[in-house]
Amino acid sequence: MLLELAIADAYGAGFEYADEMIVANDLSRYVQHPRHRLIPGSYTDDTQMSIAIAEVIVAQAPWTPEVLAESFVKAFKRDPREGYAGSFYHFLVNIRDGVEFLAKIRPDSDKSGAAMRAAPIGIYSTPEQVIEAATIQAAITHNTPDGINAAVAAALMSHYFIYRLGPKRKLGQFLESYVSGEWSKPWPGKVKSKGWMSVRAAITAVMRNDSMSALLQDCIAFTGDVDTVAAIALAAGSCSHEISQDIPSHLFTALENGTYGKDYIIELDKQLMSLVSKK
Ligand SMILES: [Mg+2]
């Protein structure tokens with residue numbers, strides 16, 4: 001799950017709000033974003049924050065704002081990178097630790113930050129546990145109904161596939177039975193910054209594609225905040241037995257592999273997925 005999330009995020013990063021790049025959306029390579037400095041094959045905030053969440057799950061640490069905030073700060077400080085929204089990037093640069101994070105954050109965002117890191121939470125064994133854990137982590141930065149609902153829906157997406165709770169075509173209906181939002185209504189066109197928009201687009205793409213490669217291209221084709229759409233969609237899609245796992249091998253090969261890159265992610269992914277409960 002984390003590996004596919006990272007590839008989707010890194011691939012999408014070259015296309016984020018860069019409509020002119022869309023002609024290059026053929027999965028042949030990670031593209032250079034026309035305005036960002038990010039090196040092709042590097043992942044962004046979506047992956048780094050998902051890693052931070054996954055590490056708390058794997059450590060089986062108490063699921064508290066203190067522990068989660070500390071993990072967000074630690075993941076950034078040990079491996080700082082751009083690709084975060086500018087204001088949040090500067091916030092992370094200027095705080096020391098999780099205590100200061102919680103003291104100084106203004107948790108009133110309804111953007112996609114809490115949803116883009118929520119997929120690993122889907123490994124918890126019941127929808128109720130997933131909802132509670134997703135809500136607690138979302139409220140740290142996105143304590144708004146829309147911000148929390150988007151995060152809960154994103155976490156329940158991966159949960160639905162991990163635990164085989166139904167067919168892919170019923171994903172939207174399943175989400176609507178647990179969290180407020182028009183999750184089964186197809187998302188059309190450009191994806192802007194609100195969290196529910198990215199999640200709606202990701203659900204739309206997952207429901208209408210049967211392979212990871214087609215899914216990734218379809219997420220990018222929305223245009224707009226597409227690294228987040230792709231990260232949410234491919235994290236969930238990686239857990240669906242109705243989606244063929246055919247991400248081109250050169251995208252695995254070219255994914256960054258520094259200290260917290262591909263090999264680290266593969267190992268963390270293994271530990272995370274080993275916690276899926278065998279019911
Ligand atoms: Mg991003």
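1. Aromatic cluster. In this predicted model, ring pairs join Phe72, Phe76, Tyr84, Phe88, Tyr89, Phe91 and Phe101 into a cluster. Aromatic pairs come to 15 in the count.

2. One pair in detail. Take Phe76 and Tyr84, both members of that cluster. A pair of aromatic rings is described by the distance of the centres and the angle of the planes. For Phe76 and Tyr84 the centres are 5.5 Å apart. Their planes stand at 90 degrees, and planes over 60 degrees apart count as edge-to-face, so this pair is edge-to-face. Are the two residues buried or exposed? Phe76 is buried, and Tyr84 is buried too.

3. Arginines over rings. Two arginine–tyrosine contacts deserve a look in the viewer. Arg78 lies over the face of Tyr260, 3.9 Å from the ring centre. Arg81 places its charged end over the ring of Tyr43, at 4.0 Å from the centre.

4. Helix packing. Now turn to α9 and α10. Helix α9 spans residues 195–208, and helix α10 spans residues 212–221. They pack at an angle of about 145 degrees. Their axes are 9 Å apart. The crossing of α9 past α10 is right-handed.

5. The helix contact. Which residues make the contact between α9 and α10? From α9 come Ala205, Val206 and Arg208. From α10 come Leu215, Asp218 and Cys219. By class, this contact has 4 nonpolar and 2 charged residues, with no polar ones.

Terms used:
Residues are numbered from 1 along each chain as its sequence is written. This is a predicted model: local features need pLDDT of at least 70, side-chain atom pairs count only at pLDDT 80 or more; totals for chains, interfaces and linings use all residues. Side-chain values use heavy atoms; hydrogens and water are left out. Axes are lines fitted to C-alpha atoms, for helices over the stretch in contact, and angles run from 0 to 180 degrees between N-to-C directions. Helices (H or I, at least four residues) and strands (E, at least two) are DSSP runs, numbered from the N terminus. A crossing is left-handed if the near helix is turned anticlockwise from the far one by less than a right angle, and right-handed if clockwise. Contact means heavy atoms within 4.5 Å. Ala, Val, Leu, Ile, Met, Phe, Trp, Tyr, Cys and Pro count as nonpolar, Asp, Glu, Lys and Arg as charged, and the others, Gly among them, as polar. Rings of Phe, Tyr and Trp (its six-membered ring) pair if their centres lie within 6.5 Å; planes under 30 degrees apart count as stacked, over 60 as edge-to-face and the rest as tilted. Buried means under 20% relative accessible area, exposed over 50%, partly exposed in between (1.4 Å probe, protein chains only). A charge sits over a ring if NZ of Lys or CZ of Arg is within 6 Å of the ring centre and within 35 degrees of the ring normal.
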